[in-house]
Amino acid sequence: MKAVGIGWGKTILFGEHFVVYGLPGIASAIDLNTKCTFAKNKKGEEGIISNDLVTGERIKYGEHTYHDLDRVIDAALKGTGVQERNFRLELKTNMSLKGGMGSSAALCVSITRCLDKQFKLKLSDERINEIAYDAEKVFHKTPSGIDNSVSCFGGMIWFQKQQPKNVIERIKAKKPVEVVLADTGIFHNTAEIVEMVRAQKEQEPQKYQKIFKEYKEILYPARKFIENTKWKEVGELMDKNHSLLQKMNTGCKELDLLVDVSRKAGAYGAKLTGAGLGGNVLALTPGKVLQEKVAKSCRKEGFKTYKIKIGVV
Ligand code: PMV
């Protein structure tokens with residue numbers, strides 16, 4: 001049987017950017033993923049062959065050392081200690097690669113898990129997560145670790161970057177809930193946006209102190225409301241989180257339009273999710289009827305939507 005490694009997609013309910021500075025955040029896996037399947041090389045082929053998900057390009061490990069996928073495979077090989085150098089890694093995904101769904105982290109987790117299964121390494125989830133974190137640095141330079149953690153562990157997590165060990169706790173919502181992810185179609189570069197926020201924070205420390213304080217005031221109640229499936233209250237706090245992210249200049253007109261359209265269609269709350277300046281909006285839409293209504297309104301504006309549940313995988 002072919003070994004398959006899965007990395008879950010994610011959405012951040014609370015705390016993108018804040019988590020970079022050691023504040024806790026809440027993220028959930030979504031039922032979209034990247035799968036890495038181990039296969040034998042085709043006749044006449046040698047080396048580690050893979051396919052880039054964005055361009056479809058065939059990548060031979062070691063021949064494209066500038067290429068993100070090559071560097072991710074390199075980090076996964078080093079982390080797992082796999083010595084074999086003659087196989088294929090077939091990658092497939094059903095998530096948006098434009099940013100905000102954690103596609104890069106899902107890629108790192110899927111490759112690491114696939115190698116772990118194929119070579120019967122029996123690595124713990126914690127170790128797989130560490131390796132995926134190192135691989136994720138290829139894309140995001142200084143990732144907080146929230147994306148790879150939720151992609152690796154699944155479910156809904158409370159995440160806090162911390163030395164010597166990050167806090168990763170599972171949050172138990174009583175049942176999964178419907179959400180809509182609406183894609184602006186605008187690619188965003190997470191590393192650049194994180195840098196932009198860092199520069200602004202250095203220039204305007206007082207403004208950021210206030211924003212961080214306001215964030216803490218919404219975060220702790222948010223966890224309680226999620227645990228008690230008080231979705232109306234969760235939605236209100238998501239709206240507040242969006243306002244804070246706008247103050248950090250990570251919003252843009254397409255994100256604001258999607259937030260507005262979602263709320264007008266009845267979403268309990270809506271916010272940008274991920275680094276911002278493009279990527280996706282997360283709208284909280286309990287129940288299939290409301291979910292479809294909100295998705296339809298976003299589609300009418302010409303945007304692609306994903307109707308998914310959080311708290312399932
Ligand atoms: O990769 P994205 O766009 O979903 O954003 C990740 C979340 C950030 O907080 C902006 C960055 C990080 O490393 O946590």
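Where in the chain does Thr 184 lie? Thr 184 lies in the loop between strand E8 (177–183) and H5. This is a predicted model. The points below start with the ligand, then turn to single residues and backbone geometry.

**The ligand and its shell**

- The ligand sits in the largest pocket.

- Ser 144 places a polar side-chain atom 2.5 Å from an oxygen atom of the ligand.
- For Asp 147, a polar side-chain atom lies 3.0 Å from a ligand oxygen atom.
- His 188 has an N or O atom in its side chain 2.9 Å from an oxygen atom of the ligand.
- Taken alone, the ligand exposes 380 Å², and the protein buries 97% of that.

- Is Thr 184 buried or exposed? Thr 184 counts as buried because its relative accessibility is 9%, and the cut-off for buried is under 20%.
- A polar atom of the Thr 184 side chain lies 3.1 Å from the backbone nitrogen of Ile 186.
- The Thr 184 side chain also has a polar atom 2.8 Å from the backbone oxygen of Gly 279.

- Gly 100 is found in the loop between strand E5 (87–93) and helix H2 (103–118).
- With a relative accessible area of 9%, Gly 100 is buried.
- Gly 100 and Glu 136 are 36 residues apart in sequence, and their C-alpha atoms are 14 Å apart in space.
- Ala 132 belongs to helix H3 (residues 125–140).
- Ala 132 has 0% relative accessibility, so Ala 132 counts as buried.
- Along the chain, Ala 132 and Ile 186 are 54 residues apart, and 25 Å separates their C-alpha atoms.

**Backbone geometry to look for**

- Most residues other than glycine have a negative phi, and most peptide bonds are trans.
- Which bond joins Gln 163 and Pro 164? A cis peptide bond joins them, with omega about -5°.
- Pro 164 has its place in the loop between strand E6 (156–160) and strand E7 (167–171).
- Lys 122 is not a glycine, and its phi has a positive value, near 55°.
- Lys 122 is in the loop between H2 and H3.
- Lys 122 counts as exposed because its relative accessibility is 75%, and exposed means over 50%.
- Asn 249 also is a residue other than glycine with a positive phi, near 60°.
- The loop between helix H7 (231–247) and helix H8 (253–264) is the place of Asn 249.
- At 39% relative accessibility, Asn 249 counts as partly exposed.

Methods
Residues numbered from 1 in each chain as written. Predicted model: local features only at pLDDT ≥ 70, side-chain atom pairs only at ≥ 80, totals over all residues. Heavy atoms only, no water. Polar contact = N/O pair within 3.5 Å; in protein donor to acceptor, adjacent residues only side chain to side chain. Areas by Shrake-Rupley, 256 points an atom, 1.4 Å probe, with all protein chains shown as cover. 1 Å grid on protein atoms, 1.4 Å probe; cavity = no way out; pocket = protein on both sides within 12 Å on 5 of 7 lines; lining within 4 Å. Sits in = over half its atoms within 2 Å of the grid points. Helix = DSSP H or I, 4+ residues; strand = E, 2+ residues; numbered from the N terminus. Buried < 20%, exposed > 50% of the residue type's maximum accessible area, 1.4 Å probe, protein only.
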